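This briefing goes through one protein chain, topic by topic. Look at the sequence and the model first, then read the points below.

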Amino acid sequence: MSAEITNDKVYIAVPKKDEAKLDAIMINHNVANLFSKEDYKQKNYSLSQDKVTFVDYIIYQSDSIKWDDDYKDIQDIISFVDEHPYQQGGRTMFVINESDDVDFNIGCYWDVFTVGEEIIVQTVKENWTK
């Protein structure tokens, strides 16, 4: 069985360079149409190098999916994200269940998303240098 439509909310952030791989997984399992996508720029600061870098990301979001890790499509998405979990340039994801609790996560999703009454993707100002 594959992902079904319910009230779980799924948020995934992957570096832009990984977009085609995740798209292929979603297309292979016929779940790409359940996710919206948007571009995002992540600001990273290296304390050791005293340097700011920016990484282009893609944010995937679904507000109506049944997230069950017994499903093969879900297992493949989890495996992909977990291959390179978030640490400045990696992948991250989290799931909010029907009770509005974070039910599952990989990586430091709070570096990309602000979780509250609304989920907010943290934005970067063009003139940020530090």
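The chain averages a pLDDT of 80, and 81% of the residues score at least 70; pLDDT is the predictor's confidence in each residue, from 0 to 100. This is a predicted model, in which local features need pLDDT of at least 70 and side-chain atom pairs count only at pLDDT 80 or more, while totals for chains, interfaces and linings use all residues. Residues are numbered from 1 along each chain as its sequence is written, and side-chain values use heavy atoms, with hydrogens and water left out.

**Confidence along the chain**

- Among the elements of the chain, α1 has the highest mean pLDDT (96) and strand β7 (residues 119-121) the lowest (63).
- Over residues 124-130 pLDDT stays under 50. For this stretch the model has 12 contacts beyond four places in sequence, where contact means heavy atoms within 4.5 Å.

**Overall layout**

- The chain has 2 helices and 7 strands. Helices (H or I, at least four residues) and strands (E, at least two) are DSSP runs, numbered from the N terminus.
- Along the sequence, the pattern is β-α-β-β-α-β-β-β-β.
- Of the 130 residues in the chain, 42% are buried. Buried means under 20% relative accessible area, exposed over 50%, and partly exposed in between (1.4 Å probe, protein chains only).
- Among contacts with a separation of 6 or more, 62% are between residues 24 or more positions apart.

**Nonpolar cores**

- In soluble globular proteins, nonpolar side chains tend to be buried together.
- A nonpolar core is a set of buried Ala, Val, Leu, Ile, Met, Phe, Trp, Tyr and Cys residues joined through side-chain atoms within 4.5 Å.
- The largest nonpolar core has 22 residues, and Ile12 and Ile77 have the most contacts inside it.
- At least two residues of this core come from each of β1 (4-15), α1, β3 (51-66), α2 (72-83) and β4 (92-96). The largest share, 5 residues, is supplied by α2.
- Apart from this core lies another, of 10 residues, including Ala13, Ile59, Phe94 and Tyr109.
- Which residues does Ile12 contact, leaving aside its neighbours within four places in sequence? Among them are Leu22, Met26, Phe35, Ile58, Ile77, Val81, Met93 and Phe113.

**The two helices**

- Two packed helices are described by the angle between their axes and the distance between the axes.
- The axes of α1 and α2 come within 10 Å and cross at roughly 170°. Here axes are lines fitted to C-alpha atoms, for helices over the stretch in contact, and angles run from 0 to 180 degrees between N-to-C directions.
- That angle makes α1 roughly antiparallel to α2, because angles over 145 degrees count as roughly antiparallel, under 35 as roughly parallel, 65 to 115 as roughly perpendicular and the rest as oblique.
- On α1 the contact is made by Lys21, Leu22, Ile25 and Met26, and on α2 by Asp76, Ile77 and Phe80.

**Paired strands**

- Two strands pair if DSSP finds at least two bridges between them.
- β2 and β3 run antiparallel and are joined by 11 bridges. Ser36 stands opposite Gln61 in β3.
- These two strands, β2 and β3, form a hairpin with 4 residues between them, and Asp50 in the turn has a positive phi of about 45°.
- β4 and β5 also run antiparallel, with 4 bridges joining them. Met93 stands opposite Ile106 in β5.
- The hairpin of β4 and β5 has 5 residues between the strands.

**Loop residues**

- Most residues other than glycine have a negative phi, and most peptide bonds are trans.
- Asp100 has a positive phi, near 65°, and lies in the loop between β4 and β5 (102-106). At 56% relative accessibility, Asp100 counts as exposed.
- Asn30 also has a positive phi, near 60°. Asn30 is placed in the loop between α1 and β2.
- Not counting residues up to four places away in sequence, His29 touches Lys72, Asp73 and Asp76.

**Lys9 in strand β1**

- Lys9 is found in strand β1 and is partly exposed, with a relative accessible area of 25%.
- The C-alpha atoms of Lys9 and Asn97 are separated by 6.5 Å, although the two residues are 88 residues apart along the chain.
- Beyond neighbours within four places in sequence, Lys9 is in contact with residues including Ser62, Asp63, Phe94 and Asp100.
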